[in-house]
Structure formats: structure tokens, C-alpha cells
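Trainee: Could we go through this structure together, one question at a time?
Mentor: Gladly, let's have a look.

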Amino acid sequence: MEQIIVSGLIFGCVYGLAALGLVLIFRTTGLVNFAHGEMAMVTTFVAFTFLSYFQLSFFISFFLAIVFAALFGIAIYFLLIRRVGDASHLNQLVLTLGIFLAIHGIAGLIWGHTPASFPRALKGGPIQLGPIFISPNELFVLFVTFILASTLFVLFRFTRVGLAMRASSQDLTAARLMGINVNFVFMVTWASGSILGGIAGLLTAPFTFLGVSMMYDVLIMAFAAAVLAGFLSLPGAVFGGLIIGVFGNLVSYYWAPEMALVCTFVLIIVVLYIRPQGIFSAPEAIKKV
Amino acid sequence: MKGRIFNRRTAVVVFAIFLVAYPFLVGQSSYFMGLAAMTAIFAIAAMSLNLLTGYGGQISVGQGGFLMLGTYTVAVLSAKLDMPIWVTIPAAGMVASVVSLIVGLPAVRLKGHFLAVATLGFGLSIPEIALNWKSVTEGYSGLPMTRPDAVSSDLAFFYVILAVTMIVTWILLNISNSRLGRAFLAIRDSEIAAAATGINVAGYKTIMFMIAAFFTGIGGGLYAYWIEYVSPNDFTIMTSFFLLAMIVVGGLASIWGAIVGAILFTVIPHFADVYVGMTNLLIGVAVILIILFRPAGLISIGEIFRKNRKGQNTKAEPERFEQSSAKEVPDVKI
């Protein structure tokens, strides 16, 4: 039981990180990024290329992959997303779906469709902590999630960029009038969102496998977590991820692994029925006709 | 104006004649007939989705789930309970629309992205349930089934699909031009304004979901009879993505746009399936290009010529959609 909850928490961290990226992008730019998982997948493959082709050490590859993730996010924003800034939500959503499909296809052409295994960050056997066993790699996941979530929280709350992000998310026109360089803010947002997704991908790969479809499940669970968080609350995204992770793990242990997804979405439908704005968000006031 | 309608009518008649003659044009090749049958099934699903999304503004990323509900309803009723086709096909629609009521219940209260994710969950869950509910669906192995004797050949059943598709198209065209369709447009443009003019927003949204699910379910039922085999891998979440992409690429709030999208999305895999993953790449690039350069969809390309010829902007539904959903506040550039 404790063991299941702990491993659920580990998965939950990954979902939470991916959800953080989604929520961050949605909060600031008002766009739900369906390509989030595929961008993360590319980042993971880039890390893998550094690791296996250039024979670099794990942490250097990790770092280079994160740099790549940031540039990739910025490129996607400038080349594609920026052009539909004023389009309807549906067009934006379908654009990200198109990016999702295109990246999936290109990655398949470059890296092939056969799954590979991805090394763990920290080797070593499981450590016993009371009734539970935990491997160094799983501790690494917990640690990275904690660090990233708190860094992001500080960035969002206490820095000028964070303030600009919050201002842009509230009212774009007013933010522009106040002299905020909205393009720059959005660029930072996309870079950070892409980094968060990429790290989620790098953390997922050792547990599952490395393949072009590796991020499907993570992305879906991240969506679930983001919805629980109401798509607006950053700490909520992490907590949502943890809840989804533990819940899904309990279902797959006590019922069937395939039913985890179904039950998660039943949970979400119930939550949304009771609180349409998500657990962690305040009700949205209807402002204009 | 009169001349234009006449032209459109001629075009529709010519298209219908082409479709009736199609099996003989391709020499009754079962591959090309299958391609056309799949186009018709996707067209039914895309048109229904366009009623929901294009007219009603309700984003559904799980419409593939209703297709699958339709296939399994038909397969279970016909293979296990031995029911005739004129019972199973409407039953497929009924089951899908009853389920849509359950999904729609919270969905009626949700907007935009929340709705997208809730329906995404639905589209993901249906194949998983089909996989796990072994007593009814036989899990991985799927359900084999046979066509009714009267229309057992490919050619005969092709005409069944064609006829159903045409009837569905006609019904949906009428719905979109009726009081119901106008109510959907009003809800899409502003829920508050619609409610203020006396439209029962929650009620109409529920009806919207039910109509869309009903016809999509029928499309799924036709698929089951066409392939004569049903499995949990028939309609994945990718199908739902493709359906959404079809209506955006073809043209939102346009029944014809949905048909154009469905044709395009069956033709691309036909040419691209030579390489693994090429389909996704091509469809993805097509979607990106169309959103960036022709956001009102392929159907709006016709509007350019019409505008040039007449020197004025004639009825352009998709463009109106774009304007209405653009920002209320004018952009201030500094």
C-alpha cells in the first residue's frame, strides 16, 4: 500500500511537471498546447543523441537538452504560435494538434519507430525507508520536481518577468500599454514551458522507454492534472499531478492497469461537475457579453 | 443570388452522380470503394462534429469515441443478438446519443479548454473500456460480423453507405438552416447574449451533443458493417484529432467544409502510407499551413473567386466566425 502510494507520487511528479508547463503556457498566453508532449519527446531524443552518439555524460546531456528545449519552445512560438495570437481558441487548439502530428512524423523519420532504453540519472539499488523501497533515481525525480516547482513559484511571484507574465495573463492590452514587451514575456513563457515538459520527458524515459509515442500517457495525465488545477493554478498543477499519479496507481494495482485512464477521467468529470473551474481555482466571474 | 444557388445545386447534383457512378469508374476495385466508404463514414462524423463545434462552438476532442460506440453497438446487437440492420443502425445512433447525454451533463457547464479535456478523456476511455469489458466486446480479439443478405456484396453495401450519407447530409443541412441551427450560432457567438434573447443555453447544448453523437454513432455502425469486423483499435484518439482537424481544414460552420475535410484526410493517408509516420507528418503540416494561411478553411478558397467575380463579399459563414471570435478589445501596438 505505502509502496504503491510512493510510486504513484513518483509518476505524479512527472505528470505535475508536464502539467506545470501546460498551465504556465495557458495562464500567460491563453493557449492549450497539445504539442507539449511531443516537444518533450524531441527534447528527450536530443538528450539521447548527446548521450549515445556524442558519448557525453548524463548531466551534460541533460543540461544541453534543456538548452535545446528552451530554443525549441522559442522557435515554435515565433514561427507558428505568434501568428495565431488573435485567432479563435479552436484554431489555436487545432494548430497545436497539427504541430503535434508534424513533430510526431518528423521525429519518427529522424529517430525511427523502434523504442530504445534510456539510462537512469542515478544508478544503484533501492534504499529502504521504513516500510518502503525507493531507488536513487526515484529520489532524483522527487528532488528535481521540488526544485523546479519552487523555482517557478519564486520566478512567478517575486521577479519582474513573473510580474510581467501575470500582467499579460490578466489583460494583454493593458500590459502592452504599461510598456511590457509582451513578445518577450511570451517567449520566456514558451521557453519555460518547453523546459518543464522536456524535463518531464527526461524523467519519464528511464521508467518507460524511449520512443516517439512515449509522451502520450504523460501528456494525457498532465492534461488531467491541469484540469484538476483549473488550468490556472501553478501549485495546483503539481498537486493535481500528484493526486492523479497516486489515484491512477491505486486503480491499476487494485483493478486493472488499463482502467487507470478511464477512472482518472471519471474522477475528472465528477470534479468538473461539482466544480467546473477545477479544485484549485477561484470561480471565474463573467465579465462581458 | 438566384444564379449562385442554382450553380451550387448543379454542383451537388453532379457530385451525387459522380458518387453513384464511382464504383464503376474505379472498376469496382474493393480498395478504392473502401476508400470512398471510409470517406463517407468520416464525412458523417465530421459533419456532425461541425454542427457541434463549427455551429455550436463546443470543442469536442473525443468524437472518435462515439464512432466506436456505434461500431460496438452494431456488432454486439447483430453478432450476439442477431438483430437486423434496420434495428442496429438506429440503435447505434441511440446508444451514442444516450451516452453523449452522460458526457454532456458536465460538458454543458464547461467551456473551451475544459470541455476539450473532458471530451478528450471520453475519447480515450471508450477504447480502453472496449478492451476491458471482455464479456461483451471480446477484448483484443474483437467481434466478427456479417452484412445482411440483401446487401452483402461490397457494391450493394457501398450504395447503402452512400444513401445514408446523403440522407444525413440533407438532415444536417436542414438543421443548420433551422431555428435550431440559428440557436447554436447564437450560443457560439455569445452564451450570455443567447440566454438574454430567451435561448435555453443548457438545453440547446445538450441537444447539440445528442444530435452530433447520434449521427456519429450511425457512421460507426456503417463502418462495422463495411469492415465486418470490430476491434478496440478501430477508432483511437487519433481519429478524434483527425475529425477535429478535418472540420478546421475543410471549413468551420460549413457542412460542405466537413465533407471537403473528410475527403482530404482519406486521400492523404492513401498516398502517404508508404512510409511509416508519413501520414501524421503530412496531415500535421497541412493543418499548420491552413490554420496559418487560410484560417477559414479550404471551403473559403471558393469565396475568393466569388468575391472577384461579383465584386462584393457574398455569404461567407466561416469568415463571420473568424470575426466574431476575434478579440473584443482592439489590439494596441506600441
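Trainee: At roughly what angle do the axes of helix H1 (residues 2-29) of chain A and helix H5 (residues 136-158) of chain A cross?
Mentor: Axes here are lines fitted to C-alpha atoms, for helices over the stretch in contact, with angles from 0 to 180 degrees between N-to-C directions. Helices (H or I, at least four residues) and strands (E, at least two) are DSSP runs numbered from the N terminus. The two axes come within 9 Å, and they cross at roughly 30°.

Before we go on, a word on the source: this is a predicted model, where local features need pLDDT of at least 70 and side-chain atom pairs count only at pLDDT 80 or more, while totals for chains, interfaces and linings use all residues. Residues are numbered from 1 along each chain as its sequence is written, and chains are lettered from A and ligands numbered from 1 in the order in which they are written.

Trainee: What is the handedness of the crossing of H1(A) and H5(A)?
Mentor: A crossing is left-handed if the near helix is turned anticlockwise from the far one by less than a right angle, and right-handed if clockwise. For H1(A) and H5(A), the crossing is left-handed.

Trainee: How many nonpolar, polar and charged residues does the contact of H1(A) with H5(A) have?
Mentor: Contact means C-beta atoms, placed from the backbone, within 7 Å. Leu17(A) and Leu20(A) are among the H1(A) residues involved, and H5(A) brings Glu138(A) and Thr145(A), among others. Ala, Val, Leu, Ile, Met, Phe, Trp, Tyr, Cys and Pro count as nonpolar, Asp, Glu, Lys and Arg as charged, and the others, Gly among them, as polar. The tally is ten nonpolar, two polar and one charged.

Trainee: Which classes do the residues of the contact of H7(B) with H10(B) divide into?
Mentor: H7(B) residues including Phe157(B) and Leu172(B) meet H10(B) residues including Phe215(B) and Trp226(B). The division is twelve nonpolar, no polar and no charged.

Trainee: Which helix gives the most to the side of chain A that touches chain B?
Mentor: The contact takes 46 residues from chain A and 50 residues from chain B. On the chain A side, helices H4 (89-111), H7 (172-177), H9 (215-228) and H11 (259-274) each supply at least two residues. The top contributor, with 17 residues, is H4(A).

Trainee: Is Ser125(B) buried or exposed?
Mentor: Ser125(B) sits in helix H5 (residues 112-132) of chain B. A residue is buried if 20 or more other C-beta atoms lie within 10 Å of its own, exposed if 12 or fewer, and partly exposed in between, with C-beta atoms placed from the backbone. Since Ser125(B) has 23 C-beta neighbours inside 10 Å, it counts as buried.

Trainee: Which residues is Ser125(B) in contact with, leaving aside its neighbours within four places in sequence?
Mentor: With those neighbours set aside, the contacts of Ser125(B) are Leu261(A), Val262(A) and Phe265(A).

Trainee: What percentage of the 334 residues in chain B is buried?
Mentor: Chain B has 15 helices and two strands. Its buried residues make up 49%.

How values were computed:
Contact = placed C-beta atoms within 7 Å.
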